[in-house]
Amino acid sequence: MTSLNLSTTDHPPEHMTEAEGKSVEELRAAILKAQGREEPLPEQATHFRRAILLRFLRARRSVKDPLNSSVKMFIEMIEWYYVSYGFEEKVLAWQADQTAEAKLVRGNWPCGKFGNDKRGQPVFYARYGTADVAGLVRETSFDHFIQHACFQQYTSEAMLNEVADAKGEHGVKFVCILDLKGLKWGRATRSITSFNKMFAMLDANFPERLFVCLVVRAPWIFSAIYKLVSPVLDANTRDKIQILGGSADHMAKISEFVDPAEVPDWLGGTAMDCEIPAGGTVPNSKKKGGEGEEAAAAPLEDGFMSVCVAAGTIEDTEFPDVAAGSKVSFTAKVEAYDVDFSVVLVETESGAEKVLAEKTRLTAELGEVKGEVAVEVAGVVRLRFDNTYSW
């Protein structure tokens, strides 16, 4: 057992082919050779189970040299897990963390496991439509957010292990259901940077856990947002995503994989005991009145509107319903440090985002930056302050 008590019992993986079984053994031998060992270190034994090795094998099955690529990916995961990030120490610390920041993340991150699918495996629900990642990062930190994501990866694997002990085989993969009801453009786009970093971390260190991903109740703006997120997703992950619009019968699709009695009532099922948080905009302690993203920036005596841009976040000041043919003039400055500034237009009809003024670095020494942009198509003009480079 590891310090996290993750099982080392090597149950046969569900749906592993004979050819995959042989390749898994080859991968195990190649990894040990690269490590200069005959057997895994005791603390690493949980990673050498066939179900885990199979994931890394499948993650690199489409590349030119899948075996050596899988070895490289696995060894990089081990280095991240035990050295550069320290996964076990971070998860143990998160379990014990009772600070206000930790409680805020746990109480507002609307994702978690609930019920089982028709295979008997746990189901992961993500209420991304109400998730305010940028707000959580602003009020706590990106590290708090990632620690919670890692904790959920740990508990996910622990649940798969429990089912494996009962069934005698490891399920390997999850059904994941993403609910986009309540999705808002501003809240979503402000969160993209943090989402992309999380997805990159998950794909690199916890690959091939997805059985199918059902994206349900997706509003029309999701197509534009997905274009910003999908490039960081592994190709195998993208292939497993099925998107259903707001008018689609999402329960019919969900019922192919999960019995309605196992689906939360807020999604159309009949289960009433789901405790996954509802999410929503996180109150902004750095703005007057403590409002979230929809609050107006605070006015100052010199006529400027103030925006506090925390490290690792993006803050937009919006001009809604700008008519085609309009011109928008702006003056921007920073009081301290620096931040990237740009002007973008979100077109009303298509939802597409167009850059009106390219990104420039504002500094306190630079002083005021003035400009004017022409709006050719009706939409929302956003003055964007990007501090993601300093997270």
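**View 1. E3, H8 and E4 form a right-handed β-α-β unit.** Right-handed here means that, with the strands pointing away from the viewer, the path from the first strand over the helix to the second runs clockwise. Helices (H or I, at least four residues) and strands (E, at least two) are DSSP runs, numbered from the N terminus. This is a predicted model, in which local features need pLDDT of at least 70 and side-chain atom pairs count only at pLDDT 80 or more, while totals for chains, interfaces and linings use all residues. Residues are numbered from 1 along each chain as its sequence is written, and side-chain values use heavy atoms, with hydrogens and water left out.

**View 2. Strand E3 pairs with E2 and with E4.** Two strands count as paired if DSSP finds at least two bridges between them. Strand E2 (residues 122-126) runs parallel to E3, joined by 4 bridges, and here valine 123 stands opposite valine 175. With strand E4 (residues 210-218), E3 pairs in the parallel sense over 6 bridges; look for cysteine 176 opposite cysteine 213.

**View 3. Both faces of E3 are covered.** In a regular strand the side chains alternate between the two faces of the sheet. Phe174, Cys176 and Leu178 are buried on one side, and Val175, Ile177 and Asp179 on the other. Buried means under 20% relative accessible area, exposed over 50%, and partly exposed in between (1.4 Å probe, protein chains only). Because 6 of the 6 residues of E3 are buried, the strand is largely enclosed by the rest of the structure.

**View 4. Helix H8 has a kink centred on isoleucine 192.** The kink is about 50°, where the bend at a residue is the angle between axes fitted to the seven residues ending there and the seven starting there. H8 (residues 185-205) has 21 residues and should span 30 Å, which agrees with the 29 Å between its end C-alpha atoms; the expected span is 1.5 Å times one less than the number of residues. In H8, 17 of the 21 residues are buried, so the helix is largely enclosed by the rest of the structure.

**View 5. Histidine 170 lies in the loop between helix H7 (142-167) and strand E3 (174-179).** Histidine 170 is buried, with a relative accessible area of 2%. Its side chain makes polar contacts with the side chains of glutamate 157, at 3.0 Å, and asparagine 161, at 3.3 Å. A polar contact is a pair of N or O atoms within 3.5 Å; within protein, one must be able to donate a hydrogen and the other to accept it, and residues adjacent in sequence count only if both atoms are side-chain atoms.
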